[in-house]
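Let's take a walk through a protein fold together. Keep the 3D view open and turn it as you read.

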Amino acid sequence: MSKITIWHHTSCGSSRGALEYLKSKGLEPEIYLYIKEKPGRTELESILKQLNMKPSELLRPGEKKGEELGLYEGASEEAILQAMSEHPILIQRPIVITEKGAVLARPKNKIDAIL
C-alpha cells in the first residue's frame, strides 16, 4: 500500500479508533497532528476538494470555539473556512487520505473505501 495519512487529534476517541483500525490492518499511516501543525487555507481547500465537502460540512458540530465565532448561525462558507484555518479544533476528525482519495472516517470503516 502506498502512503496513508491521518489527520489525527490524540485526545479524540474517534481519531484514536481510526488510527487503531489502520494499524489492525497492518498499516502504518503518517500522522498529521493538524491541531498542532495548523493546516493553511490552501491545504484546507485541497482536502475539502478531495473530500468533496463544503467547509460547513467539515465543521465540527457543537464546538465551543465555533459557537463563540457564530459559525453555527448561518455563517458563510468563506467565514467557516477562514475560522478553520485559524482554529483547527473546528475541523471534524479523523480525515484519512490515500492515493485513492480522502474520507472523513466517521465511522472508521469508511476508510475501507480508499484502501
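If you search the whole structure for aromatic pairs, you find two. Rings of Phe, Tyr and Trp (its six-membered ring) pair if their centres lie within 6.5 Å; planes under 30 degrees apart count as stacked, over 60 as edge-to-face and the rest as tilted. The centres of the Trp-7 and Tyr-32 rings are 5.1 Å apart and the planes meet at 65°, so this pair is edge-to-face. Trp-7 sits in strand β1 and Tyr-32 in strand β2 (residues 30-32), so the pair ties together parts that are 25 residues apart in sequence. Ring pairs also bring in Tyr-34, giving a cluster of Trp-7, Tyr-32 and Tyr-34.

A quick word on what you're looking at: this is a predicted model, in which local features need pLDDT of at least 70 and side-chain atom pairs count only at pLDDT 80 or more, while totals for chains, interfaces and linings use all residues. Residues are numbered from 1 along each chain as its sequence is written, and side-chain values use heavy atoms, with hydrogens and water left out.

Trp-7 has a relative accessible area of 3%, so Trp-7 is buried. Tyr-32 counts as buried too, at 10% relative accessibility.

Now zoom out to the strands. Helices (H or I, at least four residues) and strands (E, at least two) are DSSP runs, numbered from the N terminus, and two strands pair if DSSP finds at least two bridges between them. Four strands make an open sheet, in the order β2-β1-β3-β4, with mixed pairing. β2 and β4 are at the edges with a single partner strand each, so one side of each has no neighbour in the sheet. From one strand to the next, the twist averages 20°.

Let's cross the sheet strand by strand. β1 and β2 run parallel and are joined by three bridges, with Thr-5 opposite Glu-30 in β2. Strand β1 (residues 5-7) also pairs with β3, this time in the antiparallel sense, over three bridges; here the bridge partner of Thr-5 is Ile-97. Next, β3 and strand β4 (residues 101-104) pair in the antiparallel sense over four bridges, and Ile-97 stands opposite Ala-102. These two strands, β3 and β4, form a hairpin with two residues between them.

What covers the faces of β3? Strand β3 (residues 95-98) has Ile-95 and Ile-97 on one side and Val-96 and Thr-98 on the other, and all of them are buried. Look at Thr-98 in particular: its relative accessible area is 7%, so Thr-98 is buried. Its bridge partner in β4 is Gly-101, and a polar atom of its side chain lies 3.1 Å from the backbone nitrogen of Lys-100. In β4, Gly-101 and Val-103 point one way and Ala-102 and Leu-104 the other, and again all are buried.

Now for the helices on the sheet. Contact means heavy atoms within 4.5 Å, while axes are lines fitted to C-alpha atoms, for helices over the stretch in contact, and angles run from 0 to 180 degrees between N-to-C directions. α3 lies across β1, β2, β3 and β4, running at about 90° to β4.

Finally, peek inside. In soluble globular proteins, nonpolar side chains tend to be buried together. A nonpolar core is a set of buried Ala, Val, Leu, Ile, Met, Phe, Trp, Tyr and Cys residues joined through side-chain atoms within 4.5 Å. The largest one here has 20 residues, and Trp-7, Leu-44, Ile-47, Leu-58, Met-84, Ile-91 and Ile-95 touch the most other members. α3 (41-51), α6 (77-86), β3 and β4 each supply at least two residues of this core. Not counting residues up to four places away in sequence, Leu-44 touches Trp-7, Pro-39, Leu-81, Met-84, Ser-85 and Ile-91. There is also a second, separate core of twelve residues, including Ile-4, Ala-18, Leu-19 and Ile-114. Back in α6, Ile-80, Leu-81, Ala-83, Met-84 and Ser-85 are buried, and what covers the buried residues of α6 includes α3 and α4 (55-58).

Technical notes
Buried means under 20% relative accessible area, exposed over 50%, partly exposed in between (1.4 Å probe, protein chains only). A polar contact is a pair of N or O atoms within 3.5 Å; within protein, one must be able to donate a hydrogen and the other to accept it, and residues adjacent in sequence count only if both atoms are side-chain atoms.
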